[in-house]
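Please read it alongside the sequence and structure shown here.

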Amino acid sequence: MKSFRYTQRIAQLALLIWAFFVMASVSAQSAAESLKAIYEIAMAQDPVIAAARASYRADSEVRNQTRARLLPRITANTSYTDSTSEMRDLDSFFVQDNKTKTDTKRYGINLSQALFDLPAWYTFQRGKDLTASAKAQFGSDQQNLILRVSEAYFNILRAFDNTETRDAEQRAIQRQLEQTRERYEVGLVPITDVHEARAVFDEAAVNSLESRGALRIAFEELQVLTGRRHQILAGLGEQFLAPAPEPVESEAWVDFALNNNFQLKVAMLAKQAAQNNAKAQKYQHLPKLSLSMGYDKNDSEGTQNGISGVKIPGLSDNSLEASSRDINRQTDGSSIQLNLSMPIYSGGLLHSQRRQSAHRADSAQQNYIAARRNTVQTARSAHQRVMTNSARVSARKQSIVSAQSALKATQAGYEVGTRNIVDVLVAQQTLYRARRNFANTRYDYILSMMRLKQVAGQLSPEDIYQLSAWLQPQIVVQRSVETGNL
């Protein structure tokens, strides 16, 4: 009876332990952050994209500023004057002593409109090019954010997979070392086998330590983008496919790049802006015609008090008369004016500016040619890299199967004495290297595909969402590892 109760308690304890691990696993899965969640956080928190957004909004105002020179300008003005004046003339034949106080209100409105101004027109065209260039540059910055987030995320997955395989390799070599020691103690193998296994184990331990450090660095790099400390990410499932890009032909991707690449658009718009600026400077010597219209109204109110009269010698001042009158004066005026101006000589300034802008237009033209050539070359290289990585994923997956078979055969040969411990250790290292290479190749394929879409101008948040769908929360990629907390 006691034995039954003891067995029952053991079973209950085992059930509780199993439930604890299940709940811990579910909790870790629910806490795992996906690529989509990280991207959305980075969109709001990354200072680089925030600065790019502010620069885009600032540069977008260039079009409005240059257009202002072509639109009418209306100004209104008003003034209020409180004046007091006194005029005295007592020594002359005619006596006058007046004091005047006046309040004057003035209102005016003026309109001016350029009728013929070629430099202003081409400056406006340049402003439109610069605003469009700012938009293209912001599109490029948004693509860069997608790529930076993807690189940071998959670098963590890469470092985690490398840490897992390094730790597994270390454990396998440790077991091999223990078995070799046991064989040596019973006289089945020489001491040199123990030394060989120990040397390989020490190297595996160092590699494991380095991989854990790389994992910690990868998590810190992601924190730079989001400003948050991340602990658990969702891993990439085994069912992930690495198909060749569609379309398969590289020239199709070259055409995409020539039509959609954002940096190429920036270079093209910079060229157009420089050309329009050169035209604006070229026509600075032409006459400019403008129209001005104005309306003014003055309203004056006040009083004038004083004495005046003819001063006759020998008579008293009773002949002078006191006077007082109110002042109420209103004036209205309007004007229409045509203004024609043309520079004759400015000390050589206009000619110098014209030559300078022409040279800058040539420079922008050459920069565009270089950007176009680089875009073509980058598109072809990126396409070739994707094709290569797609083939490497399949090949390296098969190499794992081959390495497993080779390890089993080598271990069997070691049991019967036809192979030595070095052969076994090399076979083990080959297997774990094949697993690391397979994991690395999958991440290389993902990033190379995203770079191809970037150069083709087709990289968008939709690619983030599609990749995020391949991630599995039950594959826990965490900052903490078995051998310590990073």
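The protein has an average pLDDT of 86, and 86% of the residues score at least 70; pLDDT is the predictor's confidence in each residue, from 0 to 100. This is a predicted model, in which local features need pLDDT of at least 70, side-chain atom pairs count only at pLDDT 80 or more, and totals for chains, interfaces and linings use all residues. Residues are numbered from 1 along each chain as its sequence is written, and side-chain values use heavy atoms, with hydrogens and water left out.

**Confidence**

- Confidence is highest in helix α8 (residues 262-282), at a mean of 96, and lowest in strand β8 (residues 484-485), at 38. Helices (H or I, at least four residues) and strands (E, at least two) are DSSP runs, numbered from the N terminus.
- Where pLDDT is low, predicted coordinates should not be read in detail.

**Strand pairing**

- Five of the five residues of strand β3 (residues 232-236) are buried, that is, under 20% relative accessible area, with exposed over 50% and partly exposed in between (1.4 Å probe, protein chains only).
- Strand β6 (residues 471-478) pairs with β3 in the antiparallel sense over five bridges; pairing requires at least two DSSP bridges between the strands.
- Within this pairing, A234 is opposite V476 of β6.

**Aromatic rings**

- The structure contains eight aromatic pairs, counted for rings of Phe, Tyr and Trp (its six-membered ring) with centres within 6.5 Å; planes under 30 degrees apart are stacked, over 60 edge-to-face and the rest tilted.
- The W121 and F124 rings have centres 6.0 Å apart and planes at 55°, so this pair is tilted.
- W121 and F124 are three residues apart in helix α5 (residues 118-185), or about one helical turn.
- W121 is partly exposed at 41% relative accessible area, whereas F124 is buried at 9%.
- Y153, F154 and Y443 are linked into a cluster by ring pairs.
- K271 lies over the face of Y368, 4.5 Å from the ring centre; the criterion is NZ of Lys or CZ of Arg within 6 Å of the ring centre and within 35 degrees of the ring normal.

**Helix α11**

- In helix α11 (residues 461-470), the buried residues are D463, I464, L467 and S468.
- These residues cover an arc of only 135° around the axis, so they lie on the same side of α11; the arc is that of the directions from the helix axis to the C-beta atoms.
- Among the elements covering them are α2 (35-45), α5, α10 (421-455) and β6.

Key: Contact means heavy atoms within 4.5 Å.
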